[in-house]
Amino acid sequence: MRKILFAVIFLLSGTSLLRADEGMWLPSEIILKIKDMQEKGFKLTAEDIYSINNSSLKDAVVHFGGGCTGEIISNEGLLITNHHCGYGQIQQHSSVEHDYLTNGFWAMTRDQELPNPGLTVSFLDYMEDVTEQVMKGYKKGMSEEKRTELIEKNTKKIIEKAKKGRSSVSVSVKPLYYGNQYYLYVFKVFSDVRLVGAPPSSIGKFGGDTDNWMWPRHTGDFSLFRVYAGPDNEPAPYSKDNVPYKPKRFFKINAKGIQEGDFTMVYGFPGRTNEYLFSDAVKYTAYKSNPHKIALRTLRLDIQNREMAKDPAVRIKYASKNANVSNAWKKWQGEAKGIIKMRAIENKQEFEANFTKWSEGKPEYENLVSRFRELYAAIEEISLVRDYQSEALNAVELVAFAGRGQRGAERFYKDYYMPIDKDCFIALYKAYDKNIADKYKAPYFKEQLQKFGSVEAWAEAIFTQEPNLEMAAEIYRNTNKFFNDNFAPVLDSVNREITLLYRTYMMGQMEYNKATRGMKVFYPDANSTLRVAYGQVKGYSPSDAVYYTPVSSLDGIIEKDNPEIYDYNIPQALRDLHAAKDYGEWEVNGSVPVAFIATNHTTGGNSGSPVLDAEGNLIGVNFDRVWEGTMSDVVYDPEICRNISLDIRFALFIIDKLADADHLLEEMEIIR
């Protein structure tokens, strides 16, 4: 199966079918793209990117906390990632007395570095195509149930073999191309990870939700951690006796700078993309799901922002929550707009019509398109109910906390403010009652609403001086049980068939494109596994008569500086440095570079990823995408899709001039 799949990719890769800089490529298969990379300026080899037998660039990249990427930048385990990736840890160490969110944090000695229970970083030991082992024993015509049993049995054996005698590894087998291929991933996991430094949020989160997903961007989105190991340099639980980890590889830092047109490479763990999604699913996303979810999160954000502006203690409690709610909220807006602007739905429908004609007389493919339409139509209404279950009913903090067994009570109440949650309950439950058809509402919901007469009165009974946890738990149990008993099985059943169709459709698309010299080379959708994306530093034009250059600077921070707005109120020390032009060696053309954009194909999970130059040196830290290009999870447009990265020189400037933490610079290898 593997040989067939990659034969298709290899044959296509010789043509000019892929849109420029599109793709999230497997490191172990990067040999398929290395010629194109080198033609665009890359000076290393495929073996330099990924090697099993020798140290390679992949050994300096980590999966940070399970949802971000980080990279090692010294021989003493120093790690850089985004400020927003370390935000939860910074917030947990913060209080009104020690407000590290507002003031920043810098450990001047190793003893001052702060432990973070529960935080892990994982280094990829190796990845391996195990399709043949996973599918061993499969015969054509085998039922899907038997196929699944076989895959589970074979996968278990593969994982057990890879884990044997290794207590500190995490092992998984992940499907690619909707189950047409399988890869084994073996990680070495470190759990002693300590906070070393973070700029104030007014730098690390400069611009807040207003600037999020936007360009030009002026955010110093970085934080520093250190990985610790036991005396044998192997993973070990937190101990004062642990020592800084000695990595196989760390990134040298290129402080010489970048120019428009320079080669760039992003090496990280992109979370989820759906590039091969059927048109009906894309239509649902753009015209139904996203608009409703945006409206629900707008209600929550308006309430949170109002209360956070009144009280610094509330602001600290809700800083991380507010950022999490806002991030997807704004992304969904850009995604829907981009899908519509690019005519992604119409283009997919045209492809599907041509595919249907081509598939006539091919039994395995000829009914795929019509069956997709039937299945997506069958679940459209209850898919929206599912969205409201998650974004309205279960989004009330007290309801979710009580319903899930009140786990972590101390931590929950530390970051809880009842007036916010009560107003969210009222707003969200009213929206649910208004927008969800009566037949989809749990009897318990309707009974309680009738009993109390209004959502407001219902809220008064729950959000008392001592919150009524039992009533909150009843809401969670009853509404979720009704959904899970009546609608989840339908969704699960239909989605299982849809997933199976995609497995066939994926192979059909490959065959169709091979036969007709179609649109693109195929790369697997992102699934939180290590990938390579490459492109170049480049500006873009988001609309008529507008062109954005690719680099921002400290001058832009000063232009936006506003002491009356928390997210734009920079530290006085930064104002003073700018006024004195005290930039040290980090000065470029009378200012300091802050961020840059490039054409690398990225998504969530790439946050914190190293952005490398043509020689594999660190030039930036990826942290965002431009708002107009967030539809790249579904459809990529090389003219508009740009990833946003922190220019590493701004991080060095902050560490040097604002933090006076020269000891950190001394352990890095900086190319000046």
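Good morning. Local features in this predicted model need pLDDT of at least 70, side-chain atom pairs count only at pLDDT 80 or more, and totals for chains, interfaces and linings use all residues. Residues are numbered from 1 along each chain as its sequence is written, and side-chain values use heavy atoms, with hydrogens and water left out.

I begin with helix H7, residues 144-163. Helices here are DSSP runs of H or I with at least four residues, strands are runs of E with at least two, and both are numbered from the N terminus. The 20 residues of H7 should span 28 Å at 1.5 Å a residue, and its end C-alpha atoms are 28 Å apart, which agrees. The expected span is 1.5 Å times one less than the number of residues.

Which residues of H7 are buried? They are Arg147, Leu150, Ile151, Asn154, Thr155, Ile158, Ile159 and Ala162. These cover an arc of only 160° around the axis, so they lie on the same side of H7. The arc is taken from the directions from the helix axis to the C-beta atoms. Buried means under 20% relative accessible area, exposed over 50%, and partly exposed in between, with a 1.4 Å probe and protein chains only. The face turned away from the buried side carries exposed residues, including Glu145, Lys146 and Glu152. The buried residues of H7 pack against S6, helix H6, S7, S8 and H20, where contact means heavy atoms within 4.5 Å. Just after H7, glycine 165 takes a positive phi of about 75°.

This brings us to strand S8, residues 181-190. Of its 10 residues, 9 are buried, so S8 is largely enclosed by the rest of the structure. Strand S6 pairs with S8 in the antiparallel sense over 8 bridges; two strands pair if DSSP finds at least two bridges between them. The bridge partner of aspartate 129 in S8 is tyrosine 183. Strand S7 and S8 also pair in the antiparallel sense, over 8 bridges, and valine 169 stands opposite lysine 188 in S8. The hairpin of S7 and S8 has 4 residues between the strands, and in it tyrosine 177 takes a positive phi near 50°.

Next comes helix H12, residues 344-359. Its buried residues include Ile345, Phe351, Phe355 and Trp358. Among the elements covering the buried residues of H12 are helix H10, helix H11, H13 and helix H20.

Helix H13 contains glutamate 391. Is this glutamate 391 buried or exposed? Glutamate 391 is buried, with a relative accessible area of 8%. Its side chain joins that of arginine 297 in a polar contact of 2.8 Å. A polar contact is a pair of N or O atoms within 3.5 Å; within protein, one must be able to donate a hydrogen and the other to accept it, and residues adjacent in sequence count only if both atoms are side-chain atoms.

Finally, the aromatic rings. Phe351, Phe355 and Trp358 are among the members of one aromatic cluster, which also includes Tyr178 and Tyr512.

How values were computed
Rings of Phe, Tyr and Trp (its six-membered ring) pair if their centres lie within 6.5 Å; planes under 30 degrees apart count as stacked, over 60 as edge-to-face and the rest as tilted.
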